[in-house]
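Take a walk through this structure, one stop at a time. Keep the sequence beside the picture as you read.

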Amino acid sequence: MKKKNLALILSGILLLAAAVFLFVFTNNTQGEEKWDDPEYVFNIDIPEDFEPHEIERVNMKIAQVKEIYDDRGEDNWVWVSLGNLYQFVNDFDRAIQAYEKSLEMFEYDLTSTLSLASIYQNHVVDLEKAE
């Protein structure tokens, strides 16, 4: 009886581990695919409490970054600019991802590094990463 219970418990643990692995793997893969889609990248939600001049500024910056993207493709500056936009509209998760993509292309980019530190220190509160 004890062996049967142990086998059931181990089977449950293995099943749970497999489910967690699949969940994490599929979520990471889907996130990467989204960043290859300009429709997703440039779909920036503007907070409802933004003033008209802020909305106009965001829309102007989106158009400018799209123009850079169309001219140069995936460029370090595109990701820095997108990170700035995401940060401006308080989308810190996407800002972090954009700055990290920028650093993949140019690891010494000061703007991305300082912006990440600011987000981790002031919004995500991960002081270890902020350093």
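In which helix does Ser 102 lie? Ser 102 lies in helix α5. Hold that spot while the ground rules are set out.

This is a predicted model, in which local features need pLDDT of at least 70, side-chain atom pairs count only at pLDDT 80 or more, and totals for chains, interfaces and linings use all residues. Residues are numbered from 1 along each chain as its sequence is written, and side-chain values use heavy atoms, with hydrogens and water left out.

Now the whole chain. It has 7 helices and 0 strands. Along the sequence the pattern reads α-α-α-α-α-α-α. Helices here are DSSP runs of H or I with at least four residues, strands are runs of E with at least two, and both are numbered from the N terminus. Of the 131 residues, 30% count as buried. Buried means under 20% relative accessible area, exposed means over 50%, and partly exposed lies in between (1.4 Å probe, protein chains only). The chain exposes about 9400 Å², and carbon and sulfur atoms supply 56% of that area. Such areas come from the Shrake-Rupley method with a 1.4 Å probe; for residues, only the protein chains shown count as cover. Contacts come next (heavy atoms within 4.5 Å). Among those between residues at least 6 apart in sequence, 49% join residues at least 24 apart.

Back to Ser 102. Its relative accessible area is 0%, so Ser 102 is buried. What does Ser 102 touch, not counting residues up to four places away in sequence? Its partners are Asn 76, Trp 79, Val 80, Asp 109 and Ser 112.

Another serine sits in helix α6: Ser 115. Ser 115 has a relative accessible area of 12%, so it is buried. Leaving aside neighbours within four places in sequence, Ser 115 is in contact with Asn 84, Gln 87 and Tyr 99. Tyr 99 also figures in a spacing with Thr 113. The two are 14 residues apart along the chain, and their C-alpha atoms are separated by 7.5 Å. Thr 113 is found in helix α6. With 38% relative accessibility, Thr 113 counts as partly exposed.

Follow helix α6 (110-122) to the loop between it and α7 (127-130), where His 123 lies. Is His 123 buried or partly exposed? At 43% relative accessibility, His 123 counts as partly exposed. His 123 touches Phe 92 and Ser 118, with residues up to four places away in sequence not counted. His 123 and Asp 93 are 30 residues apart in sequence. In space they are 10.0 Å apart, C-alpha to C-alpha.

Asn 90 is not a glycine, although it has a positive phi of about 65°. Its relative accessible area is 47%, so Asn 90 is partly exposed.

Turn to charge pairs. How many salt bridges does the structure hold? It holds 2. A salt bridge is a side-chain nitrogen of Lys or Arg within 4 Å of a carboxyl oxygen of Asp or Glu. One joins Asp 91 and Arg 94, with the closest N and O atoms 3.8 Å apart. Asp 91 is partly exposed at 23% relative accessible area, whereas Arg 94 is buried at 9%. Another joins Arg 72 and Asp 75, with the closest N and O atoms 3.6 Å apart. Asp 75 has a relative accessible area of 19%, so it is buried.

Patches are made of residues with over 30% relative accessible area and no salt bridge; like charges are joined within 9 Å, and nonpolar side chains (Val, Leu, Ile, Met, Phe, Trp, Tyr) within 5 Å. Lys and Arg count as positive and Asp and Glu as negative, while His and the chain ends are not counted. The place of a charge is NZ of Lys, CZ of Arg, CG of Asp or CD of Glu.

Which residues form the negative surface patch? They are Asp 36, Asp 37, Glu 39 and Glu 74. Asp 37 is found in the loop between α1 (2-35) and α2 (38-41). Asp 37 is partly exposed, with a relative accessible area of 36%.

A nonpolar patch is formed by Met 105, Phe 106 and Tyr 108, which together have about 360 Å² of accessible area. Met 105 lies in helix α5 (residues 92-105). Its relative accessible area is 38%, so Met 105 is partly exposed.
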